[in-house]
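Student: I have a new structure open and would like to go through it with you. Could we take it topic by topic?

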Amino acid sequence: MAYLNQNYLKLRAGYLFPEIARRVKTFCDAHPEPAQRLIRCGIGDVTEPLPSAVRTAMHAAVDELGTRETFRGYGPEQGYEFLRHAIAENDYRARGIAIDNDEIFVSDGSKCDCGSILDILGDNNRIAVMDPVYPVYVDTNVMAGHTGEANASGAYDGLLYLPCTEANGFVADVPTEIADVIYLCFPNNPTGSVATRAQLEAWVAYALKHGSLLLFDAAYEAYISDPEIPHSIYEIPGAKECAIEFRSFSKNGGFTGTRCAFTVVPKALQGRTKSGDTHPLHPLWNRRMSTKFNGVPYIVQRGAEALYSEQGRTEVQALLSHYMGNAALLRQAALDVGLSVWGGINAPYLWVRTPPQTSSWQMFDRLLHETNVVITPGSGFGSAGEGYFRISAFNSRQAVEEVASRLRAMAW
Ligand code: MLT
């Protein structure tokens with residue numbers, strides 16, 4: 001019998017979203033009538049159709065693959081040059097950030113990349129995460145054996161948790177302890193908080209001072225409407241020496257099912273060996289992608305490229321306005337019933353404090369049973385999330401209006 005990776009046995013229950021799905025299924029099986037009116041505001045999955053610019057580009061790409069002359073087999077593992085160029089040019093150089101095309105690695109998702117990045121990092125790093133935290137950062141480190149066991153509140157021994165609270169506006173303060181690798185996510189999932197330029201400057205200064213690596217997840221950057229808030233960590237001088245950035249087409253272009261994202265690994269970024277030598281991370285990630293990945297399908301990459309066309313941009317703006325319109329309606333409804341709400345302004349998530357003496361999972365159950373609305377319990381994102389719940393604004397307008405009216409009708 002083969003030995004297994006025992007680190008998996010340390011993982012707490014299921015991954016949060018499958019666990020929610022399991023509980024919702026149990027409810028639906030037992031209550032077929034209310035199940036008919038179930039509205040899901042749990043997982044942040046897009047609902048609106050793919051932009052027509054994307055579909056047109058994908059249709060054309062399908063046709064290209066239909067003739068011998070234009071057929072393509074394996075593509076470059078790092079992504080086609082046309083997409084790497086469109087990303088570097090539009091998301092970075094047009095905004096005054098000098099990123100080369102070959103510093104962009106196209107992938108099938110930021111979730112995957114946030115996990116896979118551990119392939120090129122050592123096992124002896126002190127890892128820091130914000131709490132509450134997108135569970136992928138934690139669970140992938142548990143799987144890789146970078147932690148001990150979880151305690152009663154779900155925190156893993158060996159990880160440095162940076163509390164994000166009402167007091168710090170759900171933006172982690174730079175710690176006094178030294179961490180080698182720090183996961184930052186802004187706009188934040190789950191709290192919807194954003195980091196100011198000054199806060200990001202403090203993180204970059206910390207990383208440069210201590211030789212730390214920032215893993216900056218900017219999957220929701222398109223939702224930033226405040227012109228003062230940076231969209232990229234590379235807007236901060238020095239960040240190319242200390243940060244990897246993860247971006248995705250999932251939430252701006254509606255690609256959660258279509259799958260396309262990218263990771264920026266600057267060539268200036270260095271890591272160290274145990275013997276103290278330094279070595280750039282870029283060739284390691286390139287090697288990792290070449291070995292373990294065969295690239296995103298050509299059709300999908302052509303679709304992603306179309307998001308940068310004039311029509312694509314207009315359609316993306318319409319999607320963003322739609323979801324942020326939803327966020328405003330949900331925010332108002334939650335405020336109207338007396339709840340304390342954060343987020344939902346520069347991010348598609350609302351972070352809501354549960355009523356007194358109500359735990360996150362109790363709130364989940366109450367909303368499921370009394371309103372047939374699915375939310376995400378804050379404690380699923382870490383112990384600092386206890387006493388909160390997350391409402392996702394990814395939905396149709398009709399569903400959101402219905403959720404708003406059910407929230408107002410509920411006895412709080
Ligand atoms: C979420 O609901 O937190 C997101 O859908 C997670 C993800 O994008 O993987």
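Student: To begin, how many bridges join strand 3 to strand 4?
Tutor: This is a predicted model. In it, strand 3 (residues 127-131) and strand 4 (residues 160-163) run parallel and are joined by four bridges.

Student: Where is Pro187, then, and what kind of peptide bond joins Phe186 to it?
Tutor: Pro187 lies in the loop between strand 5 (181-185) and helix 7 (197-210). The bond between Phe186 and Pro187 is a cis peptide bond, with omega of about -10 degrees. In general, most peptide bonds are trans.

Student: What about backbone angles: what is the phi of Arg259?
Tutor: Arg259 has a positive phi of about 70 degrees, although it is not a glycine. Arg259 is placed in the loop between helix 8 (250-253) and strand 8 (261-264). Most residues other than glycine have a negative phi.

Student: Changing topic: what is the strand order in the open sheet of four strands?
Tutor: The order is 11-12-15-14, and the pairing is antiparallel. Strand 11 (341-343) and strand 14 (376-377) stand at the edges; each has a single partner strand, so one side of each is left without a neighbour in the sheet.

Student: How many bridges pair strand 12 with strand 15?
Tutor: Strand 12 (residues 349-353) pairs with strand 15 (residues 388-392) over five bridges, in the antiparallel sense. One of the residues involved is Arg353, whose bridge partner in strand 15 is Tyr388.

Student: Now the ligand. Which residues surround it?
Tutor: The surrounding residues are Phe17, Ile43, Gly44, Lys111, Tyr134, Asn189, Tyr220, Lys251, Tyr349 and Arg390. By class, this shell divides into five nonpolar, two polar and three charged residues. Domain 1 (11-49 + 313-409) and domain 2 (55-310) each supply at least three residues of the shell.

Student: What distances separate the polar side-chain atoms of Tyr134 and Asn189 from ligand oxygen atoms?
Tutor: For Tyr134, a polar side-chain atom lies 2.5 Å from an oxygen atom of the ligand. For Asn189, the corresponding distance is 2.8 Å.

Technical notes:
Residues numbered from 1 in each chain as written. Predicted model: local features only at pLDDT ≥ 70, side-chain atom pairs only at ≥ 80, totals over all residues. Heavy atoms only, no water. Pairing = 2+ DSSP bridges. Helix = DSSP H or I, 4+ residues; strand = E, 2+ residues; numbered from the N terminus. Near = heavy atom within 4 Å. Polar contact = N/O pair within 3.5 Å; in protein donor to acceptor, adjacent residues only side chain to side chain. Nonpolar A, V, L, I, M, F, W, Y, C, P; charged D, E, K, R; others polar. Domains from an automatic or database assignment.
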